[in-house]
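Good morning, colleagues. Please keep the sequence at hand as we proceed.

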Amino acid sequence: MATQAAAASFNGNLKKAVAGIKRINLDGLRWRVFDAKGQVLGRLASQISTVLQAKDKPTYCPNRDDGDICIVLNAKDIGITGRKLTDKYVGHLKERSLKDQMAKDPTEVIRKAVWRMLPTNNLRDDRDRKLRIFEGNEHPFGDKPLEPFVMPPRTVREMRPRARRALIRAQKKAELAENGGTEVKKGKKRTPSQVTA
């Protein structure tokens, strides 16, 4: 009854959303929910592939499919860094740019990113079956015990070392210009006899 109520409130393609669920053994699996809004595509896909492979569990074994079911919401609001929207192409031919694919079907962009991060073996199809991606924040699995996935904090360097040194040099140069341009150079002092020799 609860499944029908959750399915009734879902406006998308219900047949596509629940396809293949009966083939999955749901005993002991968790339902993890990923919110793709504002997340970087590659970082999100790597976290999803980790959960699908059960690498986040202490019982991880590469030849068993113990991964949890992943539900990805707000696929249309995924973040793309750099110039990938115009320079990256979907597929092996230059037929459709990433921008065009995002306009046509943003769920396929995330699916392919995760698919290519999974190891190529017999478990790949079963793991892909556990991935459910939706454009908006509506889904037909409201009756399941959903757990929101918290993305790990991103460690970002403030600045690359070479750029930091250049910035420090520029700041020192600006300070010297303010102080009247008197600069004291470090190093050995040379006597006039050393210079002529």
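Predicted model: local features only at pLDDT ≥ 70, side-chain atom pairs only at ≥ 80, totals over all residues.

**Core and sheet**

Setting aside the neighbours within four places in sequence, Val-72 contacts Phe-34, Ala-36, Leu-44, Ile-48, Ile-110, Leu-131, Arg-132, Ile-133 and Phe-134. A second, separate core, with twelve residues, has among its members Phe-10, Ala-17, Ile-24 and Phe-134.

Which residues touch the most other members of the largest nonpolar core? They are Phe-34, Ile-48, Val-72, Ile-110 and Leu-131, out of 23 residues in that core.

Four strands form an open sheet in the order β3-β2-β1-β4, and the pairing is parallel. The edge positions are held by β3 and β4 (146-148); each has a single partner strand, so one side of each lacks a neighbour in the sheet. On average, neighbouring strands are turned by 25° against each other, direction ignored.

Within the sheet, β1, residues 31-35, pairs with β2 in the parallel sense through five bridges. Trp-31 lies opposite Ile-69 of β2. And which helix packs on the sheet, touching β2 and β3? That is α6, whose direction makes about 155° with that of β3.

To close, I return to Val-72: its contacts include Ile-110 and Leu-131, and Val-72, Ile-110 and Leu-131 are among the residues that touch the most other members of the largest core. Thank you.

Note on methods
Residues numbered from 1 in each chain as written. Heavy atoms only, no water. Core = buried A, V, L, I, M, F, W, Y, C linked by side-chain atoms within 4.5 Å. Buried < 20%, exposed > 50% of the residue type's maximum accessible area, 1.4 Å probe, protein only. Contact = heavy atoms within 4.5 Å. Pairing = 2+ DSSP bridges. Helix = DSSP H or I, 4+ residues; strand = E, 2+ residues; numbered from the N terminus. Axes fitted to C-alpha atoms, helices over the stretch in contact; angles between N-to-C directions.
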